[in-house]
Amino acid sequence: MSDSPAVRLSEVTFAYDQSGPPVLAIPDWSIPRGEHIFLSGDSGSGKSTLLNLLGGTLTPSSGNITLLGEAFSSLPARKRDAARATHIGVVFQQFNLISYLSVKQNIAAAAYFAGRNYRHIDGDIIELLDNLHLPANTLNVRADSLSVGQQQRVSIARALINKPELLLVDEPTSALDTRARDAFMEVLTSVATNSAMLFVSHDPGLADNFKKTLTMRSLNEADKERQS
């Protein structure tokens, strides 16, 4: 349904040890379509667990996660993987590019796993590279020959190639100086205008780039209990 949020959590808990207390407990929370949210939290507050739940690599111990109004967390693993590939883009902290593949091949791989005809997406890739201020002559360059800043931008292009409704961004600026960090944020927010975005970081200085900010302490009931 087009009026449903990009993602919604209902009575979600997660525990790595089923006999112990949950590390994550979120009664009710959603990310509206197209909204960009900055989420901060200390180490151990549940940020990575939340991202893994939203990305479908973990499933809740209880409760439900819906994606675009449809069941997500209760899907079989294969269907959950397909939904993630089609509807969710991820920008990883370490970029996770395949070093020996070219820029084009790294981006095209995301389209392939989403079931798109990756042999006919050159125009989309070139447009993304242009919007990300990467010269077209990087298209056939190996990923491991790129600078850190260029690798970052390729990782954004890979996350956006399928025009995802939800973009998950995990601490991508932790290794950057202030100038490179600010440049990255400017590029990311300018190209992700059509996606809902959850940007996770421990750096409160990035919050100014977002209209809506949130802390894991306010979101995660389990974290509140640990801190009380």
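This is a predicted model: local features need pLDDT of at least 70, side-chain atom pairs count only at pLDDT 80 or more; totals for chains, interfaces and linings use all residues.

Colleague: Okay, how do α3 and α4 pack, in angle and distance?
Modeller: Helix α3, residues 103-113, and helix α4, residues 122-131, pack at an angle of about 115°, and their axes are 11 Å apart. The two helices α3 and α4 are therefore roughly perpendicular to each other, and their crossing is right-handed.

Colleague: Which residues of α3 and α4 meet there?
Modeller: From α3 there are V103, K104, I107 and A108, and these meet D122, I125 and L129 of α4. Sorted by class, the residues of this contact between α3 and α4 are 5 nonpolar and 2 charged, with no polar ones.

Colleague: And at what angle do α3 and α5 cross?
Modeller: The axes of α3 and helix α5, which covers residues 148-160, cross at roughly 30° and come within 8 Å. That angle makes α3 roughly parallel to α5, since angles under 35 degrees count that way. The crossing of α3 past α5 is right-handed.

Colleague: What does α3 use to meet α5?
Modeller: On the α3 side the residues are V103, N106, I107 and A110, and they meet V154, A157 and R158 in α5. The contact of α3 with α5 has 5 nonpolar residues, 1 polar and 1 charged.

Colleague: Staying with α5, is the helix mostly covered or mostly open?
Modeller: Helix α5 is mostly covered, with 10 of its 13 residues buried. Those buried residues of α5 are Q151, Q152, R153, V154, S155, I156, A157, R158, A159 and L160, and what covers them includes β6 (88-91), α3, α4, β7 (166-170) and α6 (178-191).

Colleague: How far does α5 reach from end to end, first C-alpha to last?
Modeller: The 13 residues of α5 reach 19 Å from the first C-alpha to the last, which is close to the 18 Å expected at 1.5 Å a residue.

Colleague: Changing topic, where is L58?
Modeller: L58 sits in the loop between α1, residues 47-55, and β4, residues 62-67.

Colleague: What is L58 in contact with, leaving aside its neighbours in sequence?
Modeller: Once the neighbours within four places in sequence are left aside, L58 is in contact with F14, Y16, T49, N52 and L53.

Colleague: And how far apart are L58 and P22?
Modeller: Along the sequence L58 and P22 are 36 residues apart, while in space they are 14 Å apart, taken from C-alpha to C-alpha.

Technical notes
Residues are numbered from 1 along each chain as its sequence is written. Side-chain values use heavy atoms; hydrogens and water are left out. Axes are lines fitted to C-alpha atoms, for helices over the stretch in contact, and angles run from 0 to 180 degrees between N-to-C directions. Helices (H or I, at least four residues) and strands (E, at least two) are DSSP runs, numbered from the N terminus. Angles under 35 degrees count as roughly parallel, over 145 as roughly antiparallel, 65 to 115 as roughly perpendicular and the rest as oblique. A crossing is left-handed if the near helix is turned anticlockwise from the far one by less than a right angle, and right-handed if clockwise. Contact means heavy atoms within 4.5 Å. Ala, Val, Leu, Ile, Met, Phe, Trp, Tyr, Cys and Pro count as nonpolar, Asp, Glu, Lys and Arg as charged, and the others, Gly among them, as polar. The expected span of a helix is 1.5 Å times one less than its number of residues. Buried means under 20% relative accessible area, exposed over 50%, partly exposed in between (1.4 Å probe, protein chains only).
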